[in-house]
Amino acid sequence: MNRPDAQTDRLPPHAPDMEQGVLGCVLLAPRDCLDQARQKIRTDHAFYDERHKCIWNTLCEMADKPEPIDLLTVQQRLKDRGLLEQIGGIPYLNQLQDSVPSAANLSYYLDSVAEKHLLRRFLALFAENTLKIYEFEGEVDQLTDQVSRDLFQLCEAHQTTPAR
């Protein structure tokens, strides 16, 4: 199935259960997990699910204050900002914390989230370059050089700062 349009109806790579695992670990053990998670995940774009982006941003903001982080304080912060129902309410926050038995597998969850984010970045880069190819006028060598540079920059950025 090599039709170009066959891929357009697919969701980009993502792992919702791994995203939940990261957030669940942070809710279980914020002191132990949030710094480690922030080193691996440097942007909310690493999360595909918009609810997870919102929760991640809230956790990071709370840590930066610094404010205590637990299920009740996160719930209150989201409620104060009018976002609690948007993320699925109290039941969803409880589900996140209950989705992991302990914080022991955080590294595994983080690696999976970062990997899916990188794959989405590859897709975006290839889509952008596909447009360049269709619109390109000039020497093919120029286009080849630009596409190669773009790909090299993405790979280099991933190696030095994962999940950018």
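Which residues are exposed on the other side of α5? Hold that thought while we get our bearings. This is a predicted model, in which local features need pLDDT of at least 70 and side-chain atom pairs count only at pLDDT 80 or more, while totals for chains, interfaces and linings use all residues. Residues are numbered from 1 along each chain as its sequence is written, and side-chain values use heavy atoms, with hydrogens and water left out.

Let's start with the overall picture. The protein has seven helices and zero strands, where helices (H or I, at least four residues) and strands (E, at least two) are DSSP runs numbered from the N terminus. Along its principal axes, the C-alpha trace spans about 60 × 30 × 30 Å. Of the 164 residues, 38% count as buried; buried means under 20% relative accessible area, exposed over 50%, and partly exposed in between, using a 1.4 Å probe and protein chains only. Now take contacts, meaning heavy atoms within 4.5 Å: among those between residues at least 6 apart in sequence, 68% join residues at least 24 apart.

Next, look at how helices pair up. Two packed helices are described by the angle between their axes and the distance between the axes. Axes here are lines fitted to C-alpha atoms, for helices over the stretch in contact, and angles run from 0 to 180 degrees between N-to-C directions. Helix α1 (residues 16-28) packs on helix α3 (residues 50-64) at an angle of about 25°, and their axes are 11 Å apart. The two are therefore roughly parallel to each other; angles under 35 degrees count as roughly parallel, over 145 as roughly antiparallel, 65 to 115 as roughly perpendicular, and the rest as oblique. On the α1 side you'll find Pro 16, Glu 19, Gln 20, Val 22, Leu 23, Val 26 and Leu 27, and these meet His 52, Ile 55, Trp 56 and Leu 59 in α3. By class, that contact has eight nonpolar, two polar and one charged residues. For the bookkeeping, Ala, Val, Leu, Ile, Met, Phe, Trp, Tyr, Cys and Pro count as nonpolar, Asp, Glu, Lys and Arg as charged, and the others, Gly among them, as polar.

Helix α3 has another partner to look at. Helix α2 (residues 30-40) packs against α3 at about 115°, with the axes 11 Å apart. That makes α2 roughly perpendicular to α3. Here Leu 34, Ala 37 and Arg 38 of α2 meet Trp 56, Leu 59, Cys 60, Ala 63 and Asp 64 of α3. This contact has six nonpolar, no polar and two charged residues.

Follow the chain into the loop between α3 and α4, where Pro 66 sits. A cis peptide bond joins Lys 65 and Pro 66, with omega about -10°.

Now back to α5 (residues 89-98), where Gly 89, Tyr 92, Leu 93 and Leu 96 are buried. They cover an arc of only 100° around the axis, which puts them on the same side of α5; the arc is that of the directions from the helix axis to the C-beta atoms. The buried residues of α5 pack against α1, α3 and α4 (71-80). As for the opening question, Pro 91 and Asp 98 are the exposed residues on the other side of α5.

One last stop is His 14, in the segment before α1. His 14 is partly exposed, with a relative accessible area of 25%. Leaving aside its neighbours within four places in sequence, His 14 is in contact with Tyr 48, Lys 116 and Arg 120.
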